[in-house]
Amino acid sequence: MDKIRITTPLTEDVIKKLHAGDRVLISGKIFTARDAAHQKMVALIDRAEPLPVDFEGQVIYYAGPSPARPGEVIGACGPTTSYRMDDLTEPLLKIGLKGMIGKGDRNAHIITCIQDYGGVYFAAIGGAGALISESIKSSTIIAFEELGAEALRCLEVIDMPAIVVIDTLGNNLYHTEPQKYKKEPI
Amino acid sequence: MKVIAVSTVIKAVKEACIEMNFLVDPMILNGFETALQSEASKIGQGILVDLIENARIASTYKAPICQDTGMVIAFVKIGQDVRIEGGLLTDAIQEGIRQGYEDGYLRKSIVADPILRKNTNDNTPGIIYYDLVAGDGFEIELGSKGFGSENMSRSKMLKPSDGIEGIVDFVIDTVEKAGSNPCPPIIVGIGVGGTLDKAAQLAKHSLLRPLNEPSKMAHIESLEKRLLQAINDLGIGPQGLGGTTTALAVHIETFPTHIAGLPVVVNLNCHASRHKKIVL
């Protein structure tokens, strides 16, 4: 299957053409944030204070990398499980976030939000942290440094591999694919 | 009487922490390769190929297998004729973890308080279980447990009359609800019997057993086989994106229990099943 090359920030046109099941190679800037950084950002939004990044059209990668060894850009940097961010995602979509990269299914509310706000959800392969780090060319902490691995980072990536799992129409690979292979108990 | 210096323990634990996070267990790698031959889903096949490539890259020590380098679990078996010299054994194990996670550039994922959540910045404490045995043997079964899969684990106090069918239903329900979250293909560790806490400890320990080394008890071995088949028939597949490879193995450990109870704990582990045995 051919892989589709996309570049961040994501435009409406690009998102519309992505379908659940497409394999993509992502290039450009993406931002890492997981549980603690999400809590902090949502608190800032609640207080109407400015965020460290303008998320318009941007992509958040749910990840907390391991430290870089000397001479390396970053350590392992695979995705963390996305459902933990389900209750903290809508405020970011509301201010322009378009893409999320993680692993695992999202709840029904987030799937509706992805449709309503015109977003897209990608899966990276969980537990392939060494492989994914090969596509990361730079890593800079831009906020919440005190959170260590959970800090908000800007990563420059070239051809980072991912799969479209929930597209902007709400098609969800986590629901459709396993059904094809499920065998009824004998 | 055998004497073991704490410095020997520190060094062994440190080296094991680093090694298990960079080198994929050969039996897991073999599991990926075998699964690749039988996996029905094209997406699933692609994921298995990537996991094999990930293992190759990690083995060059550029980056660990997975960024979640886990919480360290140590099952220590110490002979009564062993004397630890130079300090406390518990301190030595924690120091080995500290040095391994620092020198190995592994992620520090432990917070000092579950509510206040401030990182300890050295990945300690690890969780240590001691078993005092006869003789002068000393071994540590070490594991580093990722939490994507830990979070999907469950316990249930079944009724004795629920029996084997009750266990099967609970295990299958747990794996099905976990779906894509624990990073399939998974290893399923199950503890049956004892008390609530004993069953959890058995389930955790079973995850450290070499892959596909079946239980030595015939009725448990047959339950392991039945569950593995039933889990792979769920269709969840690699990463939950559909397929015929959901679990690489099912391991069950049991313990005597009370006439009124049938405790069951299902502890899931991701494919990055990291463990190492230290014998001194």
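Helices (H or I, at least four residues) and strands (E, at least two) are DSSP runs, numbered from the N terminus.

This is a predicted model, in which local features need pLDDT of at least 70 and side-chain atom pairs count only at pLDDT 80 or more, while totals for chains, interfaces and linings use all residues. Residues are numbered from 1 along each chain as its sequence is written, chains are lettered from A and ligands numbered from 1 in the order in which they are written, and side-chain values use heavy atoms, with hydrogens and water left out.

**View 1. Strand β5 of chain B and its two partners.**
Start with β5(B), which covers residues 138–145. Strand β2 of chain B, residues 71–79, runs antiparallel to β5(B), and eight bridges join the two. Look for B:F75, which stands opposite B:E141 of β5(B). Strand β10 of chain B, residues 274–279, also pairs with β5(B) in the antiparallel sense, this time over six bridges. Here B:V279 is the bridge partner of B:E139.

**View 2. The two sides of β5(B).**
In a regular strand the side chains alternate between the two faces of the sheet. Follow B:F138, B:I140, B:L142 and B:S144, which point one way from β5(B), and then B:E139, B:E141, B:G143 and B:K145, which point the other way. Is this strand mostly covered or mostly uncovered? Eight of the eight residues in β5(B) are buried, where buried means under 20% relative accessible area, exposed over 50%, and partly exposed in between (1.4 Å probe, protein chains only).

B:E139 counts as buried because its relative accessibility is 18%. Which residues does B:E139 contact, leaving aside neighbours within four places in sequence? They are B:F75, B:V76, B:K77, B:K277, B:I278 and B:V279; contact means heavy atoms within 4.5 Å.

**View 3. B:L241, a loop residue that touches both chains.**
Find B:L241 in the loop between α8 (218–232) and β8 (247–257) of chain B. With a relative accessibility of 2%, B:L241 counts as buried. Not counting residues up to four places away in sequence, B:L241 touches A:I163, A:V165, A:L173, A:Y174, A:E177 and A:P178 from chain A, as well as B:S41, B:I43, B:I47 and B:I236 from chain B. For a sense of distance, B:H205 is 36 residues from B:L241 in sequence, and their C-alpha atoms are 29 Å apart in space.

**View 4. Two cis peptide bonds in chain B.**
Most residues other than glycine have a negative phi, and most peptide bonds are trans. The bond from B:T124 to B:P125 is cis, with omega near -5°. You will find B:P125 in the loop between α4 (89–103) and β4 (127–133) of chain B. Another cis bond joins B:P184 and B:P185, with omega about 5°. B:P185 lies in the loop between α6 (163–178) and β7 (186–194) of chain B.

**View 5. Two residues with positive phi.**
In chain A, look at A:A48, whose phi is near 60°, a positive value in a residue other than glycine. A:A48 sits in the loop between α2 (35–46) and β3 (59–61) of chain A, and counts as exposed because its relative accessibility is 69%. Now turn to B:Y61, where phi is near 65°, again positive in a residue other than glycine. B:Y61 is in the loop between α3 (42–58) and β2 of chain B. Its relative accessible area of 29% makes B:Y61 partly exposed.

**View 6. Stepping back to the two chains.**
Chain A has six helices and seven strands, and chain B has eight helices and 10 strands. Of the 186 residues of chain A, 58% count as buried; of the 280 residues of chain B, 56% do. The C-alpha atoms of chain A fill a box of roughly 50 × 40 × 35 Å along the principal axes, and those of chain B fill one of roughly 55 × 50 × 40 Å.

Key: Two strands pair if DSSP finds at least two bridges between them.
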